[in-house]
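Here are my notes on this model, as numbered points. Please keep the structure open beside them as you read.

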Amino acid sequence: MALSALDLFSVGIGPSSSHTVGPMRAAKQFADGLKGGGLLSATTRVQAELFGSLGATGRGHGSDKAVVLGLQGLEPETVDTSTADDQVAAAALDAELRIGGDHRVDFNWDEDVVLHRRKSLPAHPNGMTFRALDHAGTVLSERSFYSIGGGFVVDGDADAGAKVIADETPLPYPFTTANELLEICSRENMSISDVMLANELVWRSEAELREELLKLWAVMRECVDNGCAAEGILPGGLKVRRRAPSLFKTLSKDSGSTDPLRAMEWVNLYALAVNEENAAGGRIVTAPTNGAAGIVPAVLHYYMKFVPGADDDGVVRFLLAAAAVGILFKINASISGAEVGCQGEVGSACSMAAAGLCEVLGGTPEQVENAAEVGIEHNLGLTCDPVGGLVQIPCIERNAIASVKAINAARLALHGDGSHKVSLDKAIKTMRDTGADMKTKYKETSRGGLAVNVIEC
């Protein structure tokens with residue numbers, strides 16, 4: 001099983017990787033399958049059913065809209081975020097879908113996209129089923145998919161509990177645990193980013209990898225810029241005001257401040273800007289998920305703005321080291337809030353960002369692993385209880401707090417020699433076990449925690 005950094009980091013659309021990006025990809029995959037199987041011409045209607053967490057919070061996460069866009073051949077990486085809602089509204093108003101972009105079928109918004117709030121499919125909380133019917137109502141094709149976090153989608157025929165799409169590409173330095181990764185670093189005298197780079201070269205050249213990673217960094221920067229400029233109220237009914245623009249103006253006017261914590265306020269700004277854009281359905285980078293998409297960009301911005309000598313080479317090394325840690329979470333636990341709570345999203349992102357920063361600040365592999373462990377250890381048990389099913393409260397502020405925590409974790413690790421009592425592997429296992437013990441109502445269903453104790457108005 002092999003995972004690339006470019007599997008973990010991908011360009012998508014807000015507000016959720018598992019609830020928006022994943023369903024869009026699954027819907028497109030189903031539509032492509034109809035075309036590839038020669039069934040498209042006989043199809044007169046397509047239905048979608050969303051289960052579990054997708055059904056419980058799908059309206060607030062835009063899952064229903066994502067399915068419509070995906071069935072019409074659109075992808076989260078390239079869909080026009082400024083017209084996406086209009087395209088969905090047009091499909092509902094015209095009572096038709098253009099499957100794969102050109103084949104017309106009848107469409108009834110209320111009957112053809114069904115969200116089951118209390119039903120689940122067996123393998124994962126984020127399940128969905130698509131079916132195509134002919135003019136007589138006969139089912140031509142029916143397929144189920146699971147959105148398993150970070151935009152990853154697996155077929156319904158996959159083994160229960162599947163964490164990744166299988167890739168059997170042999171790697172020069174395979175690892176599935178942090179301990180194995182540290183052993184490789186010690187034996188080969190390599191940094192964590194060196195190991196990741198060597199593995200990435202089985203898929204693409206170093207120049208190509210660098211280009212793709214810097215493209216992701218460009219999207220992150222653009223997202224921050226957009227978030228700092230876009231004023232107003234976020235969609236969804238909670239009437240949450242965007243705070244990034246006013247904070248940006250305040251910080252920009254105060255360049256001569258001697259406040260020793262001013263850097264922290266910039267980090268808060270970067271995270272708020274990204275997650276407000278995400279909440280508005282903007283273009284973001286899953287890092288590793290949309291709900292936690294502000295943490296890695298915020299800490300990367302901190303590196304570029306406040307660390308002397310920061311450059312693009314450091315950005316590449318940061319992302320590679322962060323991805324190494326993200327892969328460990330992906331294959332040994334989960335990055336899905338619907339499966340393990342927000343500790344799997346914000347917790348894993350905090351750990352990844354701490355590792356990336358420690359790497360570019362000169363940390364040894366042992367210090368980087370230590371930083372990653374601190375990042376997750378102090379997010380263990382974090383619940384996912386979005387108010388109104390929206391990725392706004394507590395998600396936006398939570399990214400800002402975790403970004404500062406990641407920086408602190410990296411700096412704390414650098415003051416030690418890398419030795420510590422709790423290993424990253426043990427912390428990841430604890431996160432997985434805690435998620436298994438966590439009540440379902442605290443795992444992205446909006447049926448517990450803040451979601452039921454805050455009045456939606």
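1. The residues that line the largest cavity divide into 8 nonpolar, 8 polar and 4 charged. Here Ala, Val, Leu, Ile, Met, Phe, Trp, Tyr, Cys and Pro count as nonpolar; Asp, Glu, Lys and Arg count as charged; the others, Gly among them, count as polar. This is a predicted model: local features need pLDDT of at least 70, side-chain atom pairs count only at pLDDT 80 or more, and totals for chains, interfaces and linings use all residues. Residues are numbered from 1 along each chain as its sequence is written, and side-chain values use heavy atoms, with hydrogens and water left out.

2. How large is the volume of the largest cavity? The value is about 150 Å³. Of the 20 residues that line the largest cavity, the closest to its centre are Gly291, Glu345, Cys384, Val391 and Cys395. The count comes to 3 cavities of 30 Å³ or more. The search uses a 1 Å grid over the protein atoms alone, and a cavity is a set of points where a 1.4 Å probe fits but cannot get out. A pocket is an open set with protein on both sides within 12 Å along at least five of seven lines, and lining residues have an atom within 4 Å of a point. Grid points are joined across faces, edges and corners, and a volume is the space filled by probe spheres set on the points.

3. Which helices contribute to the largest cavity? Helices α2 (17–36) and α17 (395–414) each supply at least two lining residues. Helices (H or I, at least four residues) and strands (E, at least two) are DSSP runs, numbered from the N terminus. The lining of this cavity also draws at least three residues from each of domain 1 (5–155) and domain 2 (178–442). Those domain bounds come from an automatic or database domain assignment.

4. Now the largest pocket. Its volume is about 410 Å³. Of its 24 lining residues, the closest to the centre are Pro15, Lys65, Asp85, Ala280 and Gly281. Helices α2, α3 (52–61), α4 and α5 (84–94) each supply at least two residues of the lining. By class, the lining of the largest pocket has 11 nonpolar, 10 polar and 3 charged residues. Domain 1 (5–155) and domain 2 (178–442) each give at least three residues to the lining of the largest pocket.

5. The second largest pocket holds about 200 Å³ of space. Its lining includes Pro260, Leu261, Tyr302 and Arg411. Helix α17 gives the most to this lining, with 4 residues. The lining of the second largest pocket has 8 nonpolar, 1 polar and 1 charged residues.

6. Look next at helix α4 (residues 63–71). Why is α4 described as largely enclosed by the rest of the structure? It is because 8 of its 9 residues are buried. Buried means under 20% relative accessible area, exposed over 50%, and partly exposed in between (1.4 Å probe, protein chains only). Among the buried residues of α4 are Ser63, Asp64 and Leu71. Just after α4, Gly73 takes a positive phi of about 90°.

7. Strand β1 (residues 10–13) is covered on both faces. Ser10 and Gly12 are buried on one side, Val11 and Ile13 on the other. β1 pairs with strand β9 (residues 283–286) in the antiparallel sense, over 4 bridges. Two strands pair if DSSP finds at least two bridges between them. Val11 stands opposite Val285 in β9.

8. Check two cis peptide bonds. One runs from Ala287 to Pro288, with omega near 0°. Pro288 sits in the loop between β9 and α12 (295–306). Another runs from Ile393 to Pro394, with omega near 5°. Pro394 sits in the loop between α16 (365–377) and α17.

9. Lys239 has a positive phi of about 60° although it is not a glycine. Ser446 also has a positive phi of about 60° and is not a glycine. Are these residues buried or exposed? Lys239 is exposed, with a relative accessible area of 64%. Ser446 is buried, with a relative accessible area of 17%.
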